[in-house]
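Look at the sequence and the structure, then work through them in order.

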Amino acid sequence: LVQDYEGNRLVGPSSIAFGNDGTLYFTDSGPLGESSIENPCGSVFAITKDDNGQILRPMALKCLAHPCGVCVSPLSDDVVYVAETLKNR
């Protein structure tokens with residue numbers, strides 16, 4: 001269970017997707033209205049495993065305007081798509 005990244009609490013994890021290698025990707029967008037085009041604070045994280053356990057790493061940190069939707073390409077785990085709701089992309 002993830003509650004924070006480097007001491008900063010997550011604002012509201014929403015969407016999740018799994019890569020073929022077992023990596024878990026999730027968006028952290030918070031309540032609608034908390035992140036905006038002028039003040040983007042949404043993030044995307046990945047949880048991977050190594051010999052020491054699980055590693056949480058940011059893919060995009062506090063730079064997205066309400067990310068809400070994530071998927072991994074069926075062709076390659078190297079490609080992750082994120083829907084940035086407030087920018088309609």
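Q: Leaving aside neighbours within four places in sequence, which residues is L10 in contact with?
A: This is a predicted model, in which local features need pLDDT of at least 70, side-chain atom pairs count only at pLDDT 80 or more, and totals for chains, interfaces and linings use all residues. Residues are numbered from 1 along each chain as its sequence is written, and side-chain values use heavy atoms, with hydrogens and water left out. Contact means heavy atoms within 4.5 Å. With neighbours within four places in sequence set aside, the residues in contact with L10 are V2, Q3, D4, F26, D28 and F45.

Q: Which residues make up the largest nonpolar core?
A: A nonpolar core is a set of buried Ala, Val, Leu, Ile, Met, Phe, Trp, Tyr and Cys residues joined through side-chain atoms within 4.5 Å. Buried means under 20% relative accessible area, exposed over 50%, and partly exposed in between, with a 1.4 Å probe and protein chains only. In soluble globular proteins, nonpolar side chains tend to be buried together. Here the largest such core has 6 residues: Y5, L10, L24, F26, F45 and I47.

Q: Which strands each supply at least two residues of this core?
A: Strands are DSSP runs (E, at least two residues), numbered from the N terminus. At least two residues of the core come from each of β4 and β5.
A second, separate core of 5 residues includes A17, Y25, V70 and V72. To return to the strands asked for, they are β4 and β5.

Q: What is the order of the strands in the open sheet?
A: Two strands pair if DSSP finds at least two bridges between them. The pairing in this sheet of 4 strands is antiparallel, and the order is β3-β4-β5-β6.

Q: Which strands are at the edges of the sheet?
A: An edge strand here pairs on one side only. The two that do this are β3 (13–18) and β6 (53–64).

Q: In β5, which residue is the bridge partner of Y25?
A: Strand β4 covers residues 24–28 and β5 covers residues 42–50. The two run antiparallel and are joined by 5 bridges. The partner of Y25 in β5 is A46.

Q: Is T48 buried or exposed?
A: T48 is placed in strand β5. Neighbours within four places in sequence aside, T48 is in contact with T23, G53, Q54, I55 and R57. Its relative accessible area is 15%, so T48 is buried.

Q: What is the relative accessible area of E6?
A: Most residues other than glycine have a negative phi. E6 has a positive phi, near 50°, and is found in the loop between β1 (4–5) and β2 (8–9). E6 is exposed, and its relative accessible area is 67%.

Q: Where is K62, another residue with a phi near 50°?
A: The phi of K62 is positive although the residue is not glycine. K62 is partly exposed, with a relative accessible area of 48%. Its place is in strand β6.

Q: How many Å apart in space are C68 and G33, C-alpha to C-alpha?
A: C68 is in strand β7 (residues 67–72) and is partly exposed, with a relative accessible area of 39%. Not counting residues up to four places away in sequence, C68 touches S14, S15, T27, A83 and T85. C68 and G33 are 35 residues apart in sequence, and their distance in space is 13 Å.
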